[in-house]
Amino acid sequence: MKINDIHVDDSNIISKIGNNIKNWFLQDSTTLEASFKNNMLVVATLIVAATFQTGINPPGGVWQETKDGEDSHLQEAGKAILSSLHNHVPYNLFLILNTLAFSMSTQIILMLVYHEKLYFEIVVATVSMVATYGTAVWSLSPEKDVKLRYVCVAALFPYLWRLSYQTFKTYGHPFSFSTIMNKG
């Protein structure tokens, strides 16, 4: 099959995807100095802890009781107070940025411990923590007003970015800058 003058072997595409995922985790973490790797693990773990805590206990807290608020907004018990302010823009921004930091830090941790003992257990614990974070954010957010799809994109962005980076690094991009300059 040819796509835009690029030959693609359909029979080998699954193995290429598998190799990209494998290369994604092999990203130079084996060549890092132990002290640097340990420092990165500490920093990433602190970021995960802080973002997890602020995700399940958002700034401003949660409403303690359900009642009608200002401008006919319902203040629902257990929902984030910040989400009822200024058309939910501050809460949405907080949630997206907090989730991006959380997701990027969990990715760093998984990359740094890839070749270590108990890696499978770390992955299971990390996936469970991410699911807990997602459940907490979902339960604290108002049902109609918070754009949880943007939060999901923020959560997936670091992983998709790394996969794209590894794909282009491994197979190259057919429209590189040098190719364009040589045609002119």
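Reader: Where's the kink in α5, and how big is the angle?
Author: This is a predicted model, and in it α5 has a kink of about 40° at F157, shortly before the proline P158.

Reader: What span should α5 have, and what's the distance between its ends?
Author: Helix α5 covers residues 148-171, which is 24 residues, so at 1.5 Å a residue the span should be 34 Å. Its end C-alpha atoms are 34 Å apart, which agrees.

Reader: Which residues in α5 are buried?
Author: V151, A154, P158, Y159, R162 and Q166.

Reader: New topic: how many aromatic pairs are there?
Author: The count comes to 5. Take F52 and F102: their ring centres are 6.2 Å apart and their planes sit at 35°, so that pair is tilted. F52 is in helix α2 and F102 in helix α3, so the pair ties together parts 50 residues apart in sequence.

Reader: Are F52 and F102 buried or exposed?
Author: Both are buried. Together with Y133, F52 and F102 form one aromatic cluster.

Reader: And where do Y91 and F94 lie?
Author: Both lie in helix α3, 3 residues apart, about one turn of the helix. Y91 and F94 are both buried, too.

Reader: Ok, what about K79, where is that?
Author: K79 is in the loop between β4 and α3. Leaving out residues up to four places away in sequence, K79 touches several others, including G61, W63, W138 and P142.

Reader: Which side chain of opposite charge is nearest to K79?
Author: That's E76, 4.7 Å away. K79 is buried yet has no salt bridge.

Methods. Residues numbered from 1 in each chain as written. Predicted model: local features only at pLDDT ≥ 70, side-chain atom pairs only at ≥ 80, totals over all residues. Heavy atoms only, no water. Helix = DSSP H or I, 4+ residues; strand = E, 2+ residues; numbered from the N terminus. Buried < 20%, exposed > 50% of the residue type's maximum accessible area, 1.4 Å probe, protein only. Lys, Arg positive; Asp, Glu negative; His and termini not counted. Salt bridge = Lys/Arg side-chain N within 4 Å of Asp/Glu carboxyl O. Contact = heavy atoms within 4.5 Å. Expected span 1.5 Å × (residues − 1). Bend = angle between axes of the 7 residues up to and from the residue. Phe/Tyr/Trp six-rings, centres within 6.5 Å; stacked < 30°, edge-to-face > 60°.
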